[in-house]
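Please read the points below alongside the model.

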Amino acid sequence: MSDLFQLFDLPATFSIDERVLEQRYQALIAHCHPDRFTAASALEQRVAAKRAADINDAYQTLSHPVSRGRYLLEVAGVDTQVLERQPADSEFLFDQLMRRERVQEFTSLDDTEAAELVDDVRHQYHHTATALGTSLDANDVAAASSRWVELNYHQKLLDELEQTLNRQVSR
Amino acid sequence: MLLQIAEPDTPVENMRPRRLGLGIDLGTTNSLIARSDGKDTSLIAVDSGGMLLPSVVNYSGDIPLVGTAALALAVRSPEDTVASAKRYMGRSLDDVPLSERSVFSDSDPLAFATQAGSKTPVEVSADLLRTLAQSAERVLSEKADGVVVTVPAYFDDSQRQATRQAADIAGLNVLRLLNEPTAAAVAYGLDTSITESGVLAVYDLGGGTFDISILKMERGLLRVLATGGDTALGGDDIDTLIADWLADSWVLDELTTAEQRELRRLAREAKEGLTLADDYQVASAVFPEARAVTITIDTLERIATPLIQKTLAACQLAVDDASVERIDQVVLVGGSTRMPSVQAAVQAFFGCEPLCSINPDQVVAIGAAIQANVLVGNGSGDDAVLLDVTPLSLGLETYGGLVEKVIPRNSALPIAKAQDFTTAKDSQTGLIVHVLQGERERVEDCRSLARFELSGIPAMVAGAARIRVSFKVDADGLLEVSAVEETTQTEASLVVKPSFGLSDDEVADMLRSSQEFAAGDMTVRQLTEARVEAEALLDGLDGALSADADLLTATELDELVAEQQRLRAAMGTDDVDAIRAQTQQLGEASLAFAERRMDRSIKSALSGVAIDALAASSTD
Amino acid sequence: MGISVTALAAEHVGRQLAARGRGEGIRIGVKTSGCSGLAYVLEFVDQPDPADTLFETDGVRVFVDPKSLVYLDGTVVDFSKEGLNEGLEFKNPNVAGECGCGESFTV
């Protein structure tokens, strides 16, 4: 796999300016999209489609902290599929279990409790993402691996919570 | 509005001859065709009834009758009259609810039983597309160079492939399958009028399908962030509910097919009447014993509310998926959005007044025509790029009947992804690749797109083989899957065809018979096509060499020029195979050059943004 | 009734024709387009059509095709400035409604 960061002319670090990534992605995909090549020869169409696919794939990978972390860990030689199958730290799992229960009973919480829970889940996610970035950028692969596994859990919980929140707003 | 004096229209407006691109909205209930010249866009009346061609084909006679003519025969020969074929595109008999199965023959692929024999939904759609295109060409006295056909954003791969097949059978050159909501946004010019950025929702309640899409417009890029909806929910269902209400009011049961159609006609009239007034009186000569009843807007709202709520629930899912904070514009598409209760519900849900100044029945065809004009080669070069996404996740069956997702839903297109697998047993020489589409975890809850076997894997111990399965989805959303055992380069691949669709040979046969090519014509056509392709390659390469020859070494340059000469020599003959072979060879020889040029142009595209990005961050 | 051109508009058209270096006058007309149905046509005329009706004010010749005249009869062509933009404005007594973008109208 070629260096995904290089495609966007960005340094290969976890901490990137996501807005710059997005702007560069937009410029690149607008440039390479097959619709720009409908009048070109079949060869040029094929080359453009391939590059457009690469760009979409790279953007998808780099724009989300979990997949960006996975990519950087893979580059550092970590098999993330193996990592996913390893059990997380039991204390962390217990904490996470408690939060999950709170999220599931979200609708029965009063306003203050609900706001606290939302803050807590979001804070944990961002905190872990930042810690993952620090470890990755310091080449501490072991610590980064643990943070990445935790970030996966936080992400799932965050998704669940956001969905609950959205449903509440629409009601 | 201040007007400027323009130059008079002269035929030689451009150095390059303008080409004709047509936009087609292939709808469940009605279909439309439109053209655009970049400034003006107009619908083309192709049916005695006007702009809307009823998506109905009658197969009672020697030749299929399409549109209003078919509708007229529907009462006399309902069994031979096929409507709503779009609902069954890319589907098998198992997918069809029991109550609707009577019109189909028992055999696969799924086909309507008519006097003229079994007609698959693909063939019915092809008859509609052919009628639209041929009539439009007659009206314009001009051949179309290409068409854009719209599909619901929610259409899965089978349904898109089926639509594509229908266009192939109709003999059309498809520039692009365009998602209906994207077309609607283009019709409103939202792809060009939003200069900064904006989030749009397109709420499309058509006759037979409901679609909700969230799009983001930013810097010349119109991107679908999320799509959702229901391929089996639409205005027809409201008609059914009203028809049921009428049948209840009149205490009718045991209706004949003709009576059912009459009841639905009355229901549709009532629905349309209620967009203009608060109550509507229904009476019919077909049911003389039934007294006239008045249906009020409140009754309609009560009847339709569960359905509207269902659409709003889908809207919520799409908004969740898109992770957007607010919606700046809402576009209404589909005749059913004329219902005041729908408009009110949509406005309340999204918190902004929906755009509805363009006729909601025509807006998709208009957008398709605008895009067809750009894609056919009349664009200005700075037109917005319409970036579509996969509506559903694509994946593979893995151990234990589970689905492993390879391409998640809402991935921007085109996209290519690969997944590595290995053998589970010692000396395993084959592997079944089962391709699925859907969000659920279990195989039986997803749609099976294709199943093929990678065979001839050399015997190895379990886990030693490295099998890479690659998924490629093109800009039209069409999937191609291939599998390679990497240690030995054993290969297998296929373009995913709808499981219950038509084979390539069947499509080719239909195309031939539909165009009634004599064998001689076919050869001439093939020769012309081969020459056109060869010329495009040669011209493109000439341009590339004059711009970027410095990307080649002297040897590479010599080699390319020699290949070019060989192709030119082949073109001097009438040998189709030689032209094709030489085109292929030149293509391969210039692939690396084309890639280097693309990379160079990518770098230049980036250097522009690098400065923008700096400027943007410094203003915060 | 016919078509009339204000003095300011005539001056503007004269300037534009002079800058262009050729042309018999201007053509005004209507064509079907846009969301409300009809849109104005305003262009230079190099070759008048024999079927055109000709109106002349202050030396400016305005050509109108018979089909358009039905929708344009009584129209006053005026010149106007809005901020940095300047251009001609049609005051058409036949217009029943204009669409939001101002580009098309119904009669």
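**Notes on the model**

1. The domain assignment of chain A gives domain 1 (4-63) and domain 2 (86-170); such bounds come from an automatic or database domain assignment. Taken over C-alpha atoms, the centres of domain 1 of chain A and domain 2 of chain A are separated by 31 Å.

2. This is a predicted model, in which local features need pLDDT of at least 70, side-chain atom pairs count only at pLDDT 80 or more, and totals for chains, interfaces and linings use all residues. Residues are numbered from 1 along each chain as its sequence is written, while chains are lettered from A and ligands numbered from 1 in the order in which they are written.

3. Chain B has an average pLDDT (the predictor's confidence in each residue, from 0 to 100) of 84, and 90% of its residues score at least 70.

4. Two stretches of chain B need care. The pLDDT is below 50 over residues 10-15 of chain B, and this stretch has zero contacts in the model beyond near neighbours in sequence; a contact means that the C-beta atoms of two residues, placed from the backbone, lie within 7 Å. Over residues 611-620 of chain B the pLDDT is also below 50, with three contacts beyond near neighbours in sequence. Where pLDDT is low, the predicted coordinates should not be read in detail.

5. Which element gives the most to the side of chain B that touches chain A? The contact takes 42 residues from chain B and 35 residues from chain A. On the side of chain B that touches chain A, α14(B) gives the most, with 15 residues. The residues of that side divide into 23 nonpolar (Ala, Val, Leu, Ile, Met, Phe, Trp, Tyr, Cys and Pro), nine polar (the others, Gly among them) and ten charged (Asp, Glu, Lys and Arg).

6. Chain C has two helices and nine strands, in the order β-α-β-β-β-β-α-β-β-β-β along the sequence. Of the 107 residues in chain C, 28% are buried, that is, 20 or more other C-beta atoms, placed from the backbone, lie within 10 Å of the residue's own.

7. In helix α4 (residues 65-75) of chain A, the buried residues include A:Arg68, A:Arg70 and A:Tyr71. A:Gly77, which follows α4(A), has a positive phi, near 95°.

Definitions and conventions: Helix = DSSP H or I, 4+ residues; strand = E, 2+ residues; numbered from the N terminus. Buried ≥ 20, exposed ≤ 12 C-beta atoms within 10 Å, placed from the backbone.
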